[in-house]
Amino acid sequence: MISSTHPAGDSYDATRSVARGPRLLAVGGGKGGVGKTFVTANLAAALARAGKRVVVVDVDLEGANLHTCLGVASPQKTLADFVAEREDDLGKLLIDTPLANLKLIAATHGNLADAQPSHLRRVRLLRGLRQLDADFVLLDLGAGAHASVLDYFLVSDDGILVVQPEPTSVENTYTFLRAAFYRRMRLAMVGHGVRQLVTVAMDQRNERGIKSPLDLLREIEATDTAEAHRFVETMRVFRPRLIVNAVRTAEDVKLGFAVASVCRKYFGIETEYLGYVNYDDEARRSVSMRRPIVDLRSDADVSIYLQRIARKLMELSPAQASVQGPAPTHTPAPTPPPAPAPLAPGISRG
Ligand SMILES: Nc1ncnc2c1ncn2[C@@H]1O[C@H](COP(=O)(O)OP(=O)(O)OP(=O)(O)O)[C@@H](O)[C@H]1O
Ligand SMILES: [Mg+2]
């Protein structure tokens, strides 16, 4: 999704220059414990069960646990070896999982003193992931809005945010989106002055009174129309996707629409509500049993919701597909909401 040169000098475009490799999906969400890993593992399992060749990658180097959700014992060779430059070939890190079509790159045995890859190593990682022999590569992101997490989110074909219906998760989702948005803008802008302006805007109490991305756009328009055009174009192709996890009520289900609406009004960006997953004790049990719920009990309500989202992902073009399309001459219509689905038993319509 990023289309310009990173300040550190190596172009992220390199990660996309490989002829149509696997589709890269990043699952993040800012807040810890909202179900990113659970959703990643289950979407990966659902895609694999649908016959897609899937690689799932734990990029949460400081809190790796994706392998546990998939029933893989602590692997010896992991992404940490790639980060530490002990291994260059990602293919050698692929581990079979109990599910057909699903392979894992785990992240155990990291160096906690220096867990994150350098910028250059991260670019190499992303380039390597694009070259894997798979239909889908899913990245399980860590919590927070660290630069590395933002970059995985931004360079993926689909950046998916998992949000839970509670104020803390919603707050962290906006923080994450804001950070991702400004990071992307800083990379997209060419002129030093405009980049500086984006940096100023990142401070919420900045002296120029820039409160929102739309304020920032107005400032840029006043100084540089070419950059303003780039800004609008970058805004147009930044299309995060949303999943609301652990919903218990019909009100919770609506959260996805509320977040999308705030994003449109405040950021001027379109997000897409992919769907929701109900809260279910079976989900917790499946984690204890170290098996994706879609595999353990494919008929459970929670599995039906997850499989529906996986199907939707297969049907939808990558969010960045719109990058290549001609710029619309009008504001694009909001993405239609997911078809109203019957709520699972236990979810009231109150
Ligand atoms: N839909 C759900 N219903 C019930 N429990 C759930 C659901 N989704 C997740 N959980 C529970 O929440 C726990 C935490 O989820 P998970 O580890 O996926 O969160 P995370 O966002 O990846 O956390 P971290 O930020 O620490 O990586 C899971 O182990 C599972 O027990
Ligand atoms: Mg996790």
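**View 1. Ligand 1 and its closest neighbours in the predicted model.** Welcome to the surroundings of ligand 1, where 18 residues form the shell in this predicted structure. The closest of these are Gly-33, Lys-36, Thr-37, Phe-38 and Asn-245. By type, the shell is made up of 8 nonpolar, 6 polar and 4 charged residues.

**View 2. Polar contacts of ligand 1 with Gly-33, Val-34 and Asn-245.** Start with the backbone: Gly-33 places an N or O atom of its backbone 2.9 Å from an oxygen atom of ligand 1. At Val-34, a polar backbone atom and an oxygen atom of ligand 1 are 3.0 Å apart. Asn-245 takes part with its side chain, whose polar atom is 3.0 Å from a nitrogen atom of the ligand. On its own, ligand 1 would expose 630 Å², and the protein buries 82% of that area.

**View 3. The pocket of ligand 1 and the elements around it.** Helices and strands contribute to the shell here: α1 (36-49), β7 (241-247), β8 (272-278) and α11 (281-288) each provide at least two of its residues.

**View 4. An aromatic pair, Phe-153 with Phe-176.** Now look at the aromatic rings, which form 6 pairs in the model. One of these joins Phe-153 and Phe-176 in an edge-to-face arrangement, with 5.0 Å from centre to centre and 85° between the planes. Because Phe-153 belongs to helix α5 (residues 147-155) and Phe-176 to helix α6 (residues 167-188), the pair ties together parts 23 residues apart in sequence.

How values were computed:
Residues numbered from 1 in each chain as written. Chains lettered and ligands numbered in written order. Predicted model: local features only at pLDDT ≥ 70, side-chain atom pairs only at ≥ 80, totals over all residues. Heavy atoms only, no water. Near = heavy atom within 4 Å. Polar contact = N/O pair within 3.5 Å; in protein donor to acceptor, adjacent residues only side chain to side chain. Areas by Shrake-Rupley, 256 points an atom, 1.4 Å probe, with all protein chains shown as cover. 1 Å grid on protein atoms, 1.4 Å probe; cavity = no way out; pocket = protein on both sides within 12 Å on 5 of 7 lines; lining within 4 Å. Sits in = over half its atoms within 2 Å of the grid points. Helix = DSSP H or I, 4+ residues; strand = E, 2+ residues; numbered from the N terminus. Nonpolar A, V, L, I, M, F, W, Y, C, P; charged D, E, K, R; others polar. Phe/Tyr/Trp six-rings, centres within 6.5 Å; stacked < 30°, edge-to-face > 60°.
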